[in-house]
Amino acid sequence: MTHQLHENIIYEGRDLSMTTCPKVPLDDPRVIELTDIELFAKGQPRVVSSNCWRGYLGSWEIKEGRLYLIGLERNLKLEGFEPLFADWVSEELMIVVEYAFEGLRAGPGPGNKSKRVRINNGLVV
């Protein structure tokens with residue numbers, strides 16, 4: 001199986017990544033699936049690589065004890081400029097806080113150091 005790209009996350013003011021890939025609310029009016037024409041205009045085919053089977057990359061932020069979705073790339077986009085409070089997320093996030101190889105943000109990353117952060121309805125617990 002191909003190692004999957006990590007999601008991006010701002011945690012404790014640092015630009016990091018996480019091996020956890022929380023679902024995004026496809027029924028939220030701010031989450032927009034791009035059409036083939038929109039993707040073509042951006043120079044991106046719908047299926048870019050087997051390293052991202054979910055079809056999108058999410059950017060997240062934990063701020064003041066709350067998890068926010070702050071951006072989407074590839075097949076999805078997040079409308080507007082305001083972060084979206086991630087109240088649909090209730091799971092443990094695996095945030096990579098130290099990389100064995102800088103720049104490698106895919107797969108389990110042998111030697112990476114991770115921190116587990118528990119989220120319940122978008123709140124850090």
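Is Ala 86 buried or exposed, judging by its relative accessibility? Select Ala 86 and take a look: at 0% relative accessibility, Ala 86 counts as buried (buried is under 20% relative accessible area, exposed over 50%, partly exposed in between, with a 1.4 Å probe and protein chains only).

Before moving on, a word on what you have open. This is a predicted model, where local features need pLDDT of at least 70, side-chain atom pairs count only at pLDDT 80 or more, and totals for chains, interfaces and linings use all residues. Residues are numbered from 1 along each chain as its sequence is written, and side-chain values use heavy atoms, with hydrogens and water left out.

**Around Ala 86.** Ala 86 is in the loop between E7 and E8 (strands, E, are DSSP runs of at least two residues, numbered from the N terminus).

**The tryptophans.** Next, show Trp 60 and Trp 88. They form a tilted aromatic pair, 6.3 Å centre to centre with 55° between the planes. (Rings of Phe, Tyr and Trp, the last by its six-membered ring, pair if their centres lie within 6.5 Å; planes under 30 degrees apart are stacked, over 60 edge-to-face, and the rest tilted.) Trp 60 belongs to strand E4 (residues 56–63) and Trp 88 to the loop between strand E7 (84–85) and E8, so the pair ties together parts 28 residues apart in sequence. Colour by accessibility: Trp 60 is buried at 0%, while Trp 88 is partly exposed at 28%.

**A charge over a ring.** Pick Arg 66 and Phe 85. The charged end of Arg 66 sits over the Phe 85 ring, 3.8 Å from its centre (the rule asks for NZ of Lys or CZ of Arg within 6 Å of the ring centre and within 35 degrees of the ring normal).

Go to E1 (residues 7–11) and E2 (residues 14–18), which run antiparallel and are joined by five bridges (strands pair if DSSP finds at least two bridges between them). Ile 9 stands opposite Leu 16 in E2. Two residues lie between the strands of this hairpin, and Glu 12 takes a positive phi near 55°. On to E8 (residues 91–98): E8 runs antiparallel to E2, with two bridges joining them, and Met 18 stands opposite Ile 95.

**Last stop.** Select Asp 28, in the loop between E2 and strand E3 (31–33). The side chain of Asp 28 reaches the backbone nitrogen of Arg 30 at 2.8 Å.

Terms used. Helix = DSSP H or I, 4+ residues; strand = E, 2+ residues; numbered from the N terminus. Polar contact = N/O pair within 3.5 Å; in protein donor to acceptor, adjacent residues only side chain to side chain.
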